[in-house]
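Please work through each task before reading its solution.

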Amino acid sequence: MKSNSELIFQRAKRVIPGGIYGHVAPAAGLPDCFPHYCKKASGYKFEDVDGKEWIDFMCGFGAILHGYSNAEIERAATSQRKMGTVFNQPSEVMVELAEILVQRIDFADWAVFAKNGSDLTTWAIRVAREKTNRKYIIKAKGAYHGVDSWCDPGLGGRIPSDRQEILEFNWNDPDHLSSLFKKFPSQIAAVILTPYHHPSFQRSEMPTAGFWENVSAICRKEEAFLILDDVRAGGRLHDGGSHRFFNFTPDLAVYSKGLGNGYAISACVGKAEHKLASAEVFLTGSCWNDAVAMAAAISSLKISEREGVAKQVLSKGKYFCDQLESVAKKQNFPLLMTGPPSMPYPFVEGDFNLFKIQEFCRFCAEEGLYFHPHHNWFISNAHTFESIDHSIKKASLAIDKLSQQSN
Amino acid sequence: MKNDHPAKEQISAWAIACSLSAASKEMIEQNIWVQCLQPELQGASWISLTKENNMVFSNVNLVRVAGGTFAIPKIACLLKKPIKSLGALLTLIKIRRVYLQKKHTIEQVRILMLAGLETAVCYLNFHSYSKSLMVGESGKIDFYVKEKFLGSVSCSTNNFWETSNRNTREEPSIIITFKDLNTAYRGALGEIDPLVDAAEKNVLIRGRIPLIEKFGYISRLAMKEVPIPKTL
């Protein structure tokens, strides 16, 4: 008998290319044990369409920072929804949201809004090009900055000119970065980087000591923009932006995932000196003035500040990572949690081909833990220490089963 | 054959020739009487399917013939060793028959899988865009139907990709398991939908996903450009 997930997918494949596409495509995870569709979610748990309850460690791939269906944020969104969502003119909440971001983010003098990270990473590099009158952009090899043709990780629909002006350097290698500036003197508009390196299917890499200092100095000297793509990490390392966690100052920064706690919104903030250039680069979208998402973002930012959410998720994440590594070590399973503890990427030593992490996540799925084998996990502020302890016990059972299978 | 380097405009014809060769070799392994096709490039416009040069097609004609359009090989070469030419022709007919079967045995699916993989490998090695996508990639991809081995694709140290019908002990980077013969047949023909078939568990993929994403994309690209020798 087919499950509800399978039945819905059968309908989906008739009318949607691939049935489900993008990072949530079953093929990108474990289609043999993860559900295809979710029914509802609350706090740190979700229920799939077949009624199975999962303890979640993906948080809508990072979009949920305060837990699913956070009551305070839902109240703010509902209250705005009663007045309307999208109008002919922007609503006052847009100004309020910009004011909060400018007040919260130390280098920010202005803010603009869109719906997704990609909308504004692409716009940000255009602002840099407008201001510098240069064409090249440098990014780190393997870094993800969105779905536009200059950076998307897919293979289809590309033409050679898409990436002609995109250069790449190896993360944590400022000498390599310098060499690109030497090779293309006065032609580089911007360096766009995530606060730490989170390439897909690979362990995360934190910046080495002095990396950000070096990158900042190079950009300053070469008069190129330093753009921080804080779409994934924003709100999970520091409430004032991830640059504060690593102690550097970008020219522009882009946020999205944690900003609206599940409501579609992204923001780019920048220094005053780039305000005029930013106004020259056209920016709009059908629903980009969505007042409900903005009201949700305001509420989300207020909670983050009031409760020190970044510190909390870091602390809960550290507890989770330490416990999980320790349990794994005791059971001779060399699991390493890489990257920041609030959004750790699991890696099994020597498992370059990912077989072991896939098996581990399969066994964890049987225990009701939603651990993704190919993407960094996310801790939300709805996770409690009790829920983490409970999850660790289940993970330990999964490691037991994995060891029994290996023997 | 391995070291031959086709010109840009003859890659699809060369992929057909290599694919036919892979099919013939596997048939010989299975004790089916066929001639071993050993293709050779004859300049930028011609390809011989045999070592003896008795079955030589222009690039255009080889693509045509694989696509089901009538096309003839070089007559002079055909008449040089008529018996051998007949053997090559019978081999082509036998390969076609395997494609046209309504139901396939595991042995037949293995023949078609190796032929299909050889098409993809030809693109991995010679098609400039495909090569650019595979820069820095290496490893081994094993293909199974249930627990039965079908074939593999691997990259040697000199960055040359090749197919194999031997299940070596070398640890694979990816294991692809088709749930049944019909799905494997679709796989051999490049008719797998990577998103749908994975979601529906028709194909189980384990291992280094980025490698199979690239390999899958390139094989679909190859299969789009190269007619399947179904209608030879």
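**Exercise 1.** In which loop of chain A is Asn247(A) found? Determine also its phi and its exposure class.

*Solution.* The structure is a predicted model.
Step 1: Asn247(A) belongs to the loop between α7 (242-246) and β9 (252-255) of chain A.
Step 2: Although Asn247(A) is not a glycine, its phi is positive, at about 60°.

**Exercise 2.** Describe how chain A is divided into domains and characterise the contact between them.

*Solution.* 
Step 1: Domain 1 of chain A covers 4-68 + 309-406, and domain 2 covers 71-307.
Step 2: The centres of domain 1 and domain 2 of chain A, taken over C-alpha atoms, are separated by 26 Å.
Step 3: To the contact, domain 1 of chain A contributes 21 residues and domain 2 of chain A contributes 23 residues.
Step 4: On the domain 1 side, the elements that give two or more residues are α10 (309-330) and β12 (345-348) of chain A. Of the elements on this side, α10(A) gives the most, with four residues.
Step 5: Sorted by class, the side of domain 1 of chain A that touches domain 2 has 11 nonpolar, 10 polar and no charged residues.

**Exercise 3.** How many residues does each chain give to the contact between chain A and chain B? State also which confidence values accompany the complex.

*Solution.* 
Step 1: Chain A supplies 20 residues and chain B supplies 18 residues.
Step 2: On the side of chain A that touches chain B, α1 (4-15) and α11 (355-366) of chain A are the elements giving two or more residues.
Step 3: The residues of this side of chain A comprise 11 nonpolar, seven polar and two charged.
Step 4: For the complex, the predictor gives an ipTM of 0.92 and a pTM of 0.94. Chain B has an average pLDDT of 92, and 97% of its residues score at least 70.

How values were computed. Residues numbered from 1 in each chain as written. Chains lettered and ligands numbered in written order. Predicted model: local features only at pLDDT ≥ 70, side-chain atom pairs only at ≥ 80, totals over all residues. Contact = placed C-beta atoms within 7 Å. Nonpolar A, V, L, I, M, F, W, Y, C, P; charged D, E, K, R; others polar. Buried ≥ 20, exposed ≤ 12 C-beta atoms within 10 Å, placed from the backbone. Domains from an automatic or database assignment. pLDDT = per-residue confidence, 0-100.
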